[in-house]
Amino acid sequence: RSADRMERFAGYGFNKSHSAAYALVSYQTAWLKTHFPAAFMAAVMSADMDNTDKVVTLIEDAREMKLDVVSPNVNACHYKFTVKDDGAIFYGLGAVKGVGEGAIEGIINSREQDGPFKDLFDFCQRIDLKKANKRKLEGLIRCGAMDDLGPERGPDRGLDKEADKLWSNRATLMATLESAVQRAEQHHKNLASGQNDMFGVAEPQAEEEAGQFIAAKDWDDEIRLTGEKETLGLYLTGHPIDRYEHEISQIVSRRIAELNPKSDQSITVAGLVVAMRTMNTKRGDRIAFITLDDRTGRLELAVFSEAYNHYRDLIAKDRLLVVEGEVSVDDYTGGLKMSANKIYDIDHAREAFARQLVLKVDEKKAANGFIRDLTQVLDPYREGHCPVQVDYQQAGASAQIQLGANWRVRPTDELMRRLDELVGREQVRVEY
């Protein structure tokens, strides 16, 4: 009989006891998150540092809470996520993919013992290169953790504004890294072999013997953000959609945060694919569910079998898509959902919606074989539908020159990049 009573009690007693414990923990965590949000989020991120997908989700939560997440920095951050006096969360270096705890602890110990690193050469000379090899240092550069270790900016170097842009960027650090590592290895070999003065004290290097940086043109936004995504799991200092902001504003009906299912039915939106999954229906048809992010908000997109079969080659994670379809309220989540009728990537969207491609050219830029160079850039992209117009300006005069119909182009991303290099990024625009 006693055993029977125990069995009956176990049917509900176990659940009640655990419910009480979970309720207490839930209350405690909710209280901490409310009153100490930065410290709470930093602790949670540190607890899941090995799970990049979880860290990405937590950083998005922190941003929604209006918390400032500071980029990784070898002169300021620690292995775990930490909080400063102003409430900012400093990125944990341990969450950088492929670097490792041993390398990071060596970096932090050197910094705490001898002070902040002055530049890339000082950094490589002071750390243990056996623990932090070149591949790991490349990861720290790509995530932005070594942005402060370039040469100092400013007029003291005698560079003009344009030349100064070639310095103090991640491309310069990457171009200089091999030289800095070799110099540091040679320094340690000299110390080990006793190539010092007779008392064994190394003389300080003369200033003119300091390591020389190799200037390199800064990476464009796509390369920089791709580096952050591959090392951190997310875009930290920007968003791939930023470079298309002006164009997208002329294509979409509304931004995602502005959608209203009561007034919006058939609409056009744009966003980056941040998540996707596919499944088979009972009839064997393939469908997809996609999460679009345009920085103002996120939207769940359903791509049913007919649309999926037609546009499946365009659907991929981290790709920018422009979508036409119907928006409605999701009865399950209470949020918005959308079903897709047409899907474009940015190249196809330009082809479908662009009115013309405009190049602004001044008298100086038009000299030195400009027509020849422009012909070479446009030629591989001819036979498109987008007209090209050159807005030419010189002192006291200007003209709008419409190129002939046989020079209509396909305004792809690659063409836009090549035109940016030819006439300058601010001088190229697509009108819709």
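This tour visits one arginine in a helix, then a set of paired strands.

The model is predicted: local features need pLDDT of at least 70, side-chain atom pairs count only at pLDDT 80 or more, and totals for chains, interfaces and linings use all residues. Residues are numbered from 1 along each chain as its sequence is written, and side-chain values use heavy atoms, with hydrogens and water left out.

**Stop one: Arg111**

Select residues 101-114. This is helix α4, and Arg111 sits in it. Helices (H or I, at least four residues) and strands (E, at least two) are DSSP runs, numbered from the N terminus.

Arg111 is buried (under 20% relative accessible area, 1.4 Å probe, protein chains only). Arg111 has no salt bridge (a side-chain nitrogen of Lys or Arg within 4 Å of a carboxyl oxygen of Asp or Glu). Glu112, the nearest side chain of opposite charge, is 4.7 Å away. Lys and Arg count as positive, Asp and Glu as negative; His and the chain ends are not counted.

Which backbone oxygens lie 2.7 Å from a polar atom of the Arg111 side chain? Show Val74 and Cys77.

Select 286-293 and 298-303. These are β5 and β6, antiparallel and joined by six bridges. Strands pair if DSSP finds at least two bridges between them. Asp293 stands opposite Arg298.

Finish with 336-345, strand β8. Three bridges pair β8 with β6 in the parallel sense. Here Glu300 stands opposite Lys337.

Definitions and conventions. Buried < 20%, exposed > 50% of the residue type's maximum accessible area, 1.4 Å probe, protein only. Polar contact = N/O pair within 3.5 Å; in protein donor to acceptor, adjacent residues only side chain to side chain.
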